[in-house]
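Dear colleague,

Please find the structure below, handed over for your records. My notes on its aromatic contacts and nonpolar cores follow.

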Amino acid sequence: MENRLSQDLDHVLDHTGDIWAEMRGERIFVTGGTGFVGSWLLESLLWANRRMSLGIRCSVLTRNPAAFVARLPHLACDEAVTLCAGDAATFEFPDGSFPLVVHAATERYCVPDAERPASVFPRDIAATERVLELARRRGTRRLLFTSSGAVYGKQPAAMTHVPEDYPGAPLPSDIGSAYGQSKRASEFLCAAHASVYGFDVAIARLFAFVGPYLPLDANYAVGNFLRDVLEDRPVEITGDGTPYRSYLYAADLAIWLWTMLLRGSSCRPYNVGSERAVSIAELGAKVAETLDSRQGVRIACKPIPGARPDRYVPSTRRARTELNLQEFVPLDEAIRRTAAAAQMPAFQGDHT
């Protein structure tokens, strides 16, 4: 059966063709392979594996192998894939060596409570430590860690694009910052293990994305807006629409991450995202316009006069100049492709 992402996957190969030879015949271990980022990494890896007869073998950690097989059988049942049942914080190490590792698993955020006062922090840290121990024991040469722009804490309003050398961080007293705190601490763990045990770690600080596999019912503005239009409702903006975000298309994301795994400087973080900032109000209008919605946009609150807008937009100069990466797919086209895929059963359901 033809892969419905074939256009996007050919696009990935067109811009990563020279790196795949370095992975020929290798074994790679992947955590987070059933989520949004991981699904795109698996799609592109297996596409390249077949097209170029690379002989790559991929072990994918998943809490629920049966659910993965039922949702995405073309990935889970590929002959190059071995599913490993387990939790990222406690999984048993598969036998054999893994020269390449991708740690893309992350805990779903939860509000701190009596049972989990630090929210996702301890489990995210435990998962990173477990993957790093796998790398130490299984002869890993290069590891990719998907971190987050949340490590910078709140971006200053006067800073239009946050660079990797910005020393900001989440406030230690902010109990809602568990995700950013855990990613920051995990980067430290990666650097420490790389230094002591002699493998390379590529650190990718992820921002915001759009593309097939993006959940439409989670806390992602662009996904929520797409859902509103596809259900023939007005685009609902719950705030005042002034925050600025930017969105990199998922196929471009795959290009960036594979390049970073093979070519990124060890322990030198790279921002991953788009520099093309749009306000949430502009984003809602663009989704409605691109998809020919007649229902319009509704903004719940009026902006506060004189207030500076919130920003979460990366500088990608380091990735562009050092790794020759760029953004290829414009936002309107990314919206169209994501909406088309969202109406296909294969891209619906829980993608965490």
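In these notes, a residue is buried under 20% relative accessible area, exposed over 50%, and partly exposed in between (1.4 Å probe, protein chains only). This is a predicted model, in which local features need pLDDT of at least 70 and side-chain atom pairs count only at pLDDT 80 or more, while totals for chains, interfaces and linings use all residues. Residues are numbered from 1 along each chain as its sequence is written, and side-chain values use heavy atoms, with hydrogens and water left out.

Aromatic pairs

Rings of Phe, Tyr and Trp (for Trp, the six-membered ring) pair if their centres lie within 6.5 Å; planes under 30 degrees apart are stacked, over 60 edge-to-face, and the rest tilted. The search of the whole structure returned 9 aromatic pairs. One of them is stacked, because the rings of F29 and F91 have centres 5.3 Å apart and planes at 25°. F29 belongs to strand β1 (residues 27-31) and F91 to the loop between β3 (81-85) and β4 (100-103), so this pair ties together parts 62 residues apart in sequence. Helices (H or I, at least four residues) and strands (E, at least two) are DSSP runs, numbered from the N terminus. F29 is buried at 0% relative accessible area, and F91 is buried at 1%.

The rings of Y152 and Y166 have centres 6.3 Å apart and planes at 45°, so that pair is tilted. Y152 and Y166 are 14 residues apart, in the loop between β5 (142-148) and α6 (178-197). Y152 is buried at 3% relative accessibility, whereas Y166, at 22%, is partly exposed.

F29 and F91 also form one aromatic cluster with F93 and F98. The charged end of R130 sits over the ring of F91, 5.7 Å from its centre; this requires CZ of Arg or NZ of Lys within 6 Å of the ring centre and within 35 degrees of the ring normal. Likewise, the charged end of R136 sits over the ring of Y197, at 5.4 Å from the centre.

Nonpolar cores

A nonpolar core is a set of buried Ala, Val, Leu, Ile, Met, Phe, Trp, Tyr and Cys residues joined through side-chain atoms within 4.5 Å. The largest core has 77 residues, and those with the most contacts inside it are I28, W258, M260 and V272. Helix α8 (residues 250-263) gives the most to this core, with 11 residues. Another core, of 23 residues, lies apart from it and includes L132, A135, L143 and F199.

Yours sincerely
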